[in-house]
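Please keep the sequence and the model in view while reading.

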Amino acid sequence: MAAIKIFSPATIANISCGFDVLGLALDAVGDTMTITKVADKGIRITKITGQDLPLDALKNVAGVAGLALLDASEYEGGFEIEINKNIKAGSGIGSSAASAAGAVWAINELLDRPFTPLQLVEFAMQGEKLASGVAHADNVAPALFGGFTLVRSYEPLDVVSIHTPKALFATIIHPQIEVKTSDSRKILKTNITLKDGIKQWGNVGGLIAGLYTEDYDLIGRSLVDHIVEPIRSMLIPGFDQVKSNAMQSGALGCGISGSGPSIFALSRGRKTAEQVGQAMKEVYKGIGIDYEVHVSSVNIEGIKRIP
Ligand code: HSE
């Protein structure tokens, strides 16, 4: 095999209570990439459509992630990467993760899979480091593994796939403003109180238990963030109203997707997820901010080959 075309999904990181540790992959939104094996050593980004991003491999998350893989590999040649971005940069649904994870997944396929999925997460994290200054794995892990993932530990890296209840649907509204992950990380406090810690890890445990037992009420009760959302929501116009509309329309829970500005809700069933999307839209129509809405099932496959 000399070339491969792939779909690399958008992802929702944090999922309210799990800052930097929880994430899920989406079916309805993602980038497509074509990766070609070539004799010349290194990584060349030959074309990017859909977004204005650097072609220089050392300044591009797909390039940096691919180079991290090549450094660990015995392969002497290189790869060319073409990226068609459908996920907007700075949207909060894992734009950089889709490119970084897609590159390493495809290269690994073209090399006949010398690396494990966990190693691919480590390479892709180098792309995240370039994008946000921090090598977080909560977007790249669900992109690579599919479904819900938990980063149980960063040192050593330990990623756990979590059961995905079939009736769970995500609604995402992306107000058309850009929030850089690096900026929205800078405003966070580096210490938390024990009181907030207790509430937060109770919810992380509750969410995991709810996902495994398909207990939608427990999932809903656990989708609460006492630590990050109260601070970051200030960067997102209309956040409180969007959340209140989503909950009134039957969402199980609603919060900031990754580092924002996208807001996500989880619902039981597609119909409710669509109604939630309608209710979220009303807020941005009212304040005159353009938006995009996606309703999606959870992508349990992760990155995949496409024709
Ligand atoms: N966990 C990361 C953050 C995700 O919230 O900064 C960024 O998409």
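Helices (H or I, at least four residues) and strands (E, at least two) are DSSP runs, numbered from the N terminus. The model is a predicted one, in which local features need pLDDT of at least 70 and side-chain atom pairs count only at pLDDT 80 or more, while totals for chains, interfaces and linings use all residues. Residues are numbered from 1 along each chain as its sequence is written, and side-chain values use heavy atoms, with hydrogens and water left out.

**Helix H10**

Helix H10, residues 270-287, has 18 residues and reaches 27 Å from its first C-alpha to its last, close to the 26 Å expected when the span is taken as 1.5 Å times one less than the number of residues. Glycine 288, whose phi is positive, near 75°, follows H10.

**The nonpolar cores**

A nonpolar core is a set of buried Ala, Val, Leu, Ile, Met, Phe, Trp, Tyr and Cys residues joined through side-chain atoms within 4.5 Å. The largest one here holds 42 residues, of which Ile35, Leu69, Ile81, Val121 and Leu144 touch the most other members. Helix H2 (residues 95-110) gives the largest share of this core, 9 residues. Apart from it lies another core, of 28 residues, including Leu22 and Phe148.

Leucine 118 belongs to helix H3 (residues 117-132) and is partly exposed, with a relative accessible area of 29%. Leaving aside neighbours within four places in sequence, leucine 118 is in contact (heavy atoms within 4.5 Å) with Phe145, Leu157 and Val159.

**The ligand**

Which residues surround the ligand? Among them are Ala13, Phe19, His136, Thr181 and Ser259, each with a heavy atom within 4 Å of the ligand. The table gives polar contacts, which are pairs of N or O atoms within 3.5 Å; within protein, one must be able to donate a hydrogen and the other to accept it, and residues adjacent in sequence count only if both atoms are side-chain atoms.

| Side chain | Ligand atom | Distance |
|---|---|---|
| Aspartate 20 | nitrogen | 2.5 Å |
| Asparagine 139 | oxygen | 2.9 Å |
| Arginine 232 | oxygen | 2.7 Å |

The protein covers 97% of the 260 Å² of accessible area that the ligand has on its own, as computed by the Shrake-Rupley method with a 1.4 Å probe, where for residues only the protein chains shown count as cover.

Note on methods
Buried < 20%, exposed > 50% of the residue type's maximum accessible area, 1.4 Å probe, protein only.
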